[in-house]
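Visitor: I am new to this structure. Please show me how to read it.

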Amino acid sequence: MEKRTRLYFDNAATTPLCDAARAAMQPHLDAEFGNASSPYALGRTARMAIDRARAQVAALLGAYPDEIAFTSGGTESDNWALLGVALAHWETAKRHIILSAIEHHAVLEAGDTLRELGFEIELAPVDADGVCRPENIAASIRPETCLISVMAVNNETGVCQPIAEIAQIAHENEIALHSDAVQMAGKIPINVLEFGADLITLSAHKIGGPKGAGALWIRRGQRMKALLRGGGQERGRRAGTENVLAIAGFGAAAQIAHENLETSAAHLIKLREQLENGLHKLTNAQINGENAPRAPHITNVSLAGVRAESLALNLDLRGIAIGTGSACASGALEPSHVLAAMNRSREAAKSSLRISLGPQNAASEIDELLQVLGELVLPV
């Protein structure tokens, strides 16, 4: 029988379902099973649940509800943002797209697909702290550039990107900007007017909602094509019967995340400081991106001479769950493309752990984690 996880420190991969989301979903598991496109009472109840969730998610961004389009998750939203905008420029000469070198694989691989379709994809570099500098974006812009995609918070290091400055450059050149804000939402306040992007990706299960629900915020007037066709759902932008159950949970989780953002962020910052103070006492521990602005919940640490996968396995045997990087890239033979872009060595990348915190974590858990890490990294 496998040892049960006692301590969970992989909240950047997924989060526990919050009580509010569970309560919002429960009716749709039982009596309220209607199709939101149906005209009778069951359908109207489902439609009301979706409308409520749309308003709740919009409030998390300071956006209009009709700008929120629900999807199956962050991956679909990222793919739709890139492919939808690119295809809207299919018959024009604008076939150049800029992506930061540290994007999630959902963005990078959507870029690969567009490259196969004849678009030119350019990767903008980051500095040693993992920041994609606005001047690097500006230097890459051409008359044929139609889209820029830079994530708000990197999912491996927690490093924040200067989206507002990049948005200003993009808009001065009449270029759309997409930002994957999956790791930012619910951790750092977002107001779309100040943020500046034209498309924003969100994911429910990163903020206490269920897996299988996400959203793409689409600024009013933004040109893009629908990828899923066959129905008029989501104002004709994304066909298919809505996942009412997951959407209801997403909305409730977004409302709780919005209401608790300030207190949750303060709690996470305190825990991260405690964690990193302890990590610095370990021999040759290096916090990746430490000198850059970071989201409060992610610490990426390289432990010289340690194989991260082996360490994560040994932690698991002690009932502690920690990731070695992006969950979507687990099992990859190559070390992190994010750390490589930051000019870290292959050895440093292979010795890196991602420790990501959630509001359910406590200071006593950090103490236990540090004690176990000390025993495993510095055996006596």
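Guide: I68 stands opposite W217 in strand 8. This is a predicted model, where local features need pLDDT of at least 70, side-chain atom pairs count only at pLDDT 80 or more, and totals for chains, interfaces and linings use all residues. Residues are numbered from 1 along each chain as its sequence is written, and side-chain values use heavy atoms, leaving out hydrogens and water.

Visitor: How many bridges join strand 2 to strand 8?

Guide: Strands pair if DSSP finds at least two bridges between them. Here four bridges join strand 2 to strand 8 (residues 214-218), and the two run antiparallel.

Visitor: Are the faces of strand 2 covered or uncovered?

Guide: Buried means under 20% relative accessible area, with a 1.4 Å probe and protein chains only. Both faces of strand 2 (residues 68-71) are covered. I68 and F70 are buried on one side, A69 and T71 on the other.

Visitor: What share of the 380 residues is buried?

Guide: In the protein chain, 57% of them count as buried.

Visitor: How many helices and strands does the protein chain have?

Guide: Both are DSSP runs, numbered from the N terminus: helices are H or I, at least four residues, and strands are E, at least two. The protein chain has 13 helices and 12 strands.

Visitor: Why does the radius of gyration agree with a compact globule?

Guide: The radius is taken over C-alpha atoms, and the globule rule is 2.2 Å times the number of residues to the power 0.38. For 380 residues a compact globule would have a value near 21 Å, and the protein chain has 21 Å, so the two agree. Its C-alpha trace spans about 70 × 55 × 35 Å along the principal axes.

How values were computed: Buried < 20%, exposed > 50% of the residue type's maximum accessible area, 1.4 Å probe, protein only.
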